[in-house]
Structures are given as C-alpha cells and as structure tokens.
Amino acid sequence: MSGATEIQNLKSRDPFAEADEDSGQTTQTQEYIHIRIQQRNGRKTLTTVQGIPAKFDHKKILKVIKKEFACNGTIISDTESKGMGEVIQLQGDHRIKIRDFLVDNESGLGLDDKTIKIHGF
C-alpha cells in the first residue's frame with residue numbers, strides 16, 4: 001500500500017517544475033543591460049553591451065555611439081552570440097561613457113540606472 005502512495009505522489013509532483021522556475025529567473029536577469037570589457041592583444045580591449053531592449057533600433061544606436069565616442073563597432077547577431085541576443089561590440093574601453101549614454105534622457109536612451117550592470121576589471 002505504501003508503494004501505491006509513492007506512485008501517486010510522483011504523479012502529482014511535476015519533476016520539471018523547478019527547471020521552469022529556473023528559466024523564469026533567467027528571463028528576469030535578461031532585463032538587465034550588461035556592459036562588459038574583454039581584453040584583446042596587449043592594451044587593446046573590446047566593450048560589449050548586451051540586453052538593450054528590442055524596442056530600440058540597435059543599428060541606429062551603434063551609429064550614434066560610433067560617432068559620439070570616435071570608435072568602431074559592430075552588432076553581433078543572435079546566432080553568433082549563442083543565445084545572448086544582439087550584442088553591440090565596440091573597440092576600446094567605453095564602459096562609463098556607454099552607461100552615461102544609456103541613462104541620459106536628452107541625448108541618450110533614458111533608461112533606468114538600476115537596470116545597468118558594469119562588469120570588468
């Protein structure tokens with residue numbers, strides 16, 4: 001009889017419920033905008049910006065950033081970034097300038113400062 005109750009308990013409990021909760025948490029972390037720096041050769045660095053909302057045109061943002069910061073950059077598509085969404089990649093260390101641009105209401109995007117996380121050394 002105790003064996004039958006164990007089987008009923010297994011049927012009532014969804015073993016993948018915890019996995020669904022975990023995936024829900026990853027979507028919450030994707031609401032953040034991550035600004036990272038990567039080391040290249042010697043003193044050369046790359047700045048990557050991930051998580052800019054889709055309502056903004058990434059190509060126009062990149063064009064303004066390149067002109068404003070006097071650097072080159074590119075957009076890494078979904079397929080190349082392995083599920084991280086579209087990532088803007090810039091030459092050089094522009095972490096603070098990018099944060100100021102994203103927060104600025106007049107010449108930038110006017111995003112909330114609490115949603116931006118800066119990573120790097």
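**View 1. Ile98 and its surroundings in the predicted model.** Ile98 touches Ile35, Val49, Ile65, Phe69 and Leu90 when residues up to four places away in sequence are not counted; contact here means heavy atoms within 4.5 Å. This is a predicted model, in which local features need pLDDT of at least 70 and side-chain atom pairs count only at pLDDT 80 or more, while totals for chains, interfaces and linings use all residues. Residues are numbered from 1 along each chain as its sequence is written, and side-chain values use heavy atoms, with hydrogens and water left out.

**View 2. The largest nonpolar core.** A nonpolar core is a set of buried Ala, Val, Leu, Ile, Met, Phe, Trp, Tyr and Cys residues joined through side-chain atoms within 4.5 Å. Buried means under 20% relative accessible area, exposed over 50%, and partly exposed in between, computed with a 1.4 Å probe on protein chains only. The largest core holds 18 residues, of which Val49, Ile52, Ile61, Ile98, Leu102 and Leu109 touch the most other members. Strand E1 (33-39), H3, E4 and helix H4 (95-103) each supply at least two residues of this core. The most is given by H3, with four residues. Helices (H or I, at least four residues) and strands (E, at least two) are DSSP runs, numbered from the N terminus.

**View 3. The open sheet.** Five strands, in the order E3-E4-E2-E1-E5, form an open sheet with mixed pairing. Its edge strands are E3 (73-76) and E5 (116-118), each of which pairs on one side only. On average, neighbouring strands of this sheet are turned by 20° against each other, direction ignored. Axes are lines fitted to C-alpha atoms, for helices over the stretch in contact, and angles run from 0 to 180 degrees between N-to-C directions. Strands of a sheet pair through backbone hydrogen bonds, either parallel or antiparallel.

**View 4. Strand E4 between its partners.** Two strands pair if DSSP finds at least two bridges between them. Strand E2 (residues 45-50) and strand E4 (residues 87-91) pair in the antiparallel sense over five bridges. Leu46 has Gln91 of E4 as its bridge partner, and Thr47 has Leu90 of E4. E3 and E4 are also antiparallel, with four bridges; here Ile76 stands opposite Val87 in E4. Helix H3 (residues 58-69) lies across E3 and E4 and runs at about 160° to E3.

**View 5. Gln50, a buried residue of strand E2.** Gln50 belongs to strand E2 and is buried, with a relative accessible area of 13%. Its side chain is joined to that of Arg36 by a polar contact of 2.8 Å. A polar contact is a pair of N or O atoms within 3.5 Å; within protein, one must be able to donate a hydrogen and the other to accept it, and residues adjacent in sequence count only if both atoms are side-chain atoms. Leaving aside neighbours within four places in sequence, Gln50 is in contact with Tyr32, Ile33, His34, Arg36, Met84 and Val87.

**View 6. Gln39 in strand E1.** Gln39 lies in strand E1 and is partly exposed, at a relative accessible area of 44%. A polar atom of the Gln39 side chain lies 2.5 Å from the backbone oxygen of Gly42, and this side chain reaches the backbone oxygen of Lys44 at 3.3 Å.
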